[in-house]
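Let's walk through this structure together, one element at a time. Keep the sequence and the model side by side as you read.

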Amino acid sequence: MEAKAIEGPTGLLMGLLRERKRLLVLTHANPDPDSLASAMGLRQLAEHIGVPSTFAIAGRIMRAENREMVRACAIETVCQDDVDFDAYDCIALVDTQPGFGHTHLPADRDIEIVIDHHVPPPSDGGRSGGFRDVRTEIGATSSMVTSYLIEADVEIPKALATALFYGIQTDTADLSRNSGPVDVQAYEYLAPLVDRVALRKINTPQLTPDYYRTLREALNNVRIYGDLVLCSLGRIDAPEMVAEVADLLLRLEGKQTVFCGGLVGSTYYVSLRTELSRDAYDMLRDALDGEGSFGGHGSLAGGCVPLPDSEPRAVKRFERRLEKNILDSLGLEGTALSSFGGGVGTSE
Ligand SMILES: [Mn+2]
């Protein structure tokens, strides 16, 4: 009996993969659960077709949850610097697109497969070709990859189901934000396949003393203006920490917007969370005022600015400028400054 032809993006992607010998899967420099799971899922699809593949990452996986995910789901990665790109006749990019600042790609190679849910950058440098599936109405790339696997009738092992499920969970806050029907369908399909014990371990990993030291530092440096919370983490090991602390501070009673920043090497990372009706992307663009690169939508945004001088005084100057831009853009100039302990001055 002849197999039913698969239509839409899944059919196109499978058609392309069938004509390739070896696939290299890449993502952005600081892989998050959605990107890790998407890469793993795409490799499963390639394997189903008989195409061997490799997943390479340019940065490091730092966040404790993500490291536990890599361990618990047995996600195989290699360092992108060690990859011989000529050994692959097909390159895929998941959860990001050519042209994003945090995405490092080999020079002179087309990215044949692009699967993502972020708003495209102003230019991709003419580098994507072949298969491009970018749908901004979808909450997680993992949902898109799951839909390919469902349509292609590929078996999803426990570890992969757990990874994809966690990818959707983290990018959509359990389907509570930025999500649509494709996310719901994938989430419900995966739910019975998930390794619940592994998932709990990923959600509550062991944390290092450094983590608590950074957190203490962060909490000592909270600056509150009205319903806005600003927090400077100083020098940190992992960019993910700014997002994590931002999430934590957004839960502070009566607060609606959080900006959190920290220095990794000589790059200043910022993370923004808001419950206001204004788009987080627009707010971060105003705050950075033309510096660095950034992305986001809805209630979340993040970005980074390479600093020419990362000496403490220069960083302080940069933070003061950022703070002024944020206060200006939110109309909070002159508002009293306070911390957890009460008033400590004004913004002027
Ligand atoms: Mn994502």
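In which sense do strand β5 and β6 pair, and over how many bridges? Strand β5 (residues 111–116) runs parallel to β6 in this pairing, which spans 5 bridges; strands count as paired if DSSP finds at least two bridges between them. Before going further, please note that this is a predicted model, where local features need pLDDT of at least 70 and side-chain atom pairs count only at pLDDT 80 or more, while totals for chains, interfaces and linings use all residues. Residues are numbered from 1 along each chain as its sequence is written. Helices (H or I, at least four residues) and strands (E, at least two) are DSSP runs, numbered from the N terminus.

Now step back to the whole sheet. It is open, has 6 strands in the order β3-β2-β1-β4-β5-β6, and its pairing is parallel. At the edges sit β3 (78–79) and β6 (128–134), each pairing on one side only.

The largest nonpolar core has 50 residues, and Val25, Ala92, Ala163 and Leu164 touch the most other members. Such a core is a set of buried Ala, Val, Leu, Ile, Met, Phe, Trp, Tyr and Cys residues joined through C-beta atoms within 7 Å, and buried means that 20 or more other C-beta atoms, placed from the backbone, lie within 10 Å of the residue's own. A second, separate core of 39 residues includes Ile236, Val245, Phe294 and Ile326.

Let's finish with Leu233, which lies in strand β8 (residues 228–235). Leu233 counts as buried because it has 22 C-beta neighbours inside 10 Å. Leaving out residues up to four places away in sequence, Leu233 touches several partners, including Met241, Val242, Val245 and Cys260; contact means C-beta atoms, placed from the backbone, within 7 Å. The C-alpha atoms of Leu233 and Asp133, 100 residues apart along the chain, are separated by 37 Å.

How values were computed: Buried ≥ 20, exposed ≤ 12 C-beta atoms within 10 Å, placed from the backbone. Contact = placed C-beta atoms within 7 Å.
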